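Please go through the terms used for this model and say what each label rests on.

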Amino acid sequence: MTELRIYASQEGSVDAGHDSAVAPEPEPLFSTSNAAQISAELKTRGIKFQRWPSKPELEHEARQEQILEAYASLIASVKEHEHYQTVDVMRVGGDQPNTSLRQTFLQEHQHAEDEVRFFVEGCGLFSLHINDEVLQVTCEANDWIAIPAGTRHWFDMGTNPNYCVIRFFKNSGGWVASYTDDPIANFYPGLP
Ligand SMILES: [Fe+2]
C-alpha cells in the first residue's frame, strides 16, 4: 500500500546523548496512505508525487515497448513539463540475482541527477533525509515520484526484490550514487 511516514531525523537523538547502537526504532510523527495528502506533504519539501491511472489492459510482465506505449501520453507530458530527455524501463526480480543490488542503495546517498520513477509493478521504499526529517515513501504500482538531484536518500527494494519502473533522465550519466557516509539509514525501518 502506498504510504508516507514522516519521522524526526535520528541525528537529534544521537546528539542528545543516546547510544546510537541501542537506539529504538523511531516512531513516525505522521503517516498517511491518502495520495492527495502524500502529494501535498511531499510538495512542501520539494518532492513531486503523483498517482497515475492504472492500465488494466497492460499484461503482467509486459515488455518494455508495451509499457512505454501504454503510458506514452503521460510520459510525453512529464518529459515536456519536467524537462526529462530520456526514459527507460527497468525490471528487477525474476531470474536475476539481486541481493547485491538491494545493498547498493540501502545507505544514504545522493545523485547529480534527479531520481524519477514510475512504478509499473511491485513496490519500493524511498527514504528522504530532508533537513531535520526523514520521509519514508512506500511506492507501489501507479505511483510516480521525482526526487531532485542532491537530495539525501536511500532506497530499499525488499528482501525479495520484484518490481518494474519507468525511469526518467535528464542525463542518465548523472545517476551515480554518491554516498554520504552517514549511517542514518540503519535507524529506520526497511521494506518488509
Ligand atoms: Fe538513489
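**Metal site and salt bridges**

Q: What coordinates the iron ion?
A: His109 (NE2), His111 (NE2), Glu115 (OE) and His153 (NE2) coordinate the iron ion at 2.1 to 2.2 Å. Donors are N, O and S atoms within 2.8 Å of the metal (3.2 Å for Na, K and Ca); water is not among the atoms, so sites may look incomplete. This is a predicted model, in which local features need pLDDT of at least 70 and side-chain atom pairs count only at pLDDT 80 or more, while totals for chains, interfaces and linings use all residues. Residues are numbered from 1 along each chain as its sequence is written, and side-chain values use heavy atoms, with hydrogens and water left out.

Q: What makes the arrangement around the iron ion irregular?
A: The four donor atoms subtend angles of 83 to 175 degrees, which makes the arrangement irregular. Four donors count as tetrahedral if all angles lie between 85 and 135 degrees; four count as square planar and six as octahedral if opposite donors are over 155 degrees apart and all others between 65 and 115; anything else is irregular.

Q: Why does Glu133 count as buried?
A: Glu133 has 18% relative accessibility, so Glu133 counts as buried. Buried means under 20% relative accessible area, exposed over 50%, partly exposed in between (1.4 Å probe, protein chains only).

Q: What makes Arg45 and Glu133 a salt bridge?
A: Their closest N and O atoms are 2.9 Å apart; the term requires a side-chain nitrogen of Lys or Arg within 4 Å of a carboxyl oxygen of Asp or Glu. Glu41, Arg45 and Glu133 are linked in a network of salt bridges.
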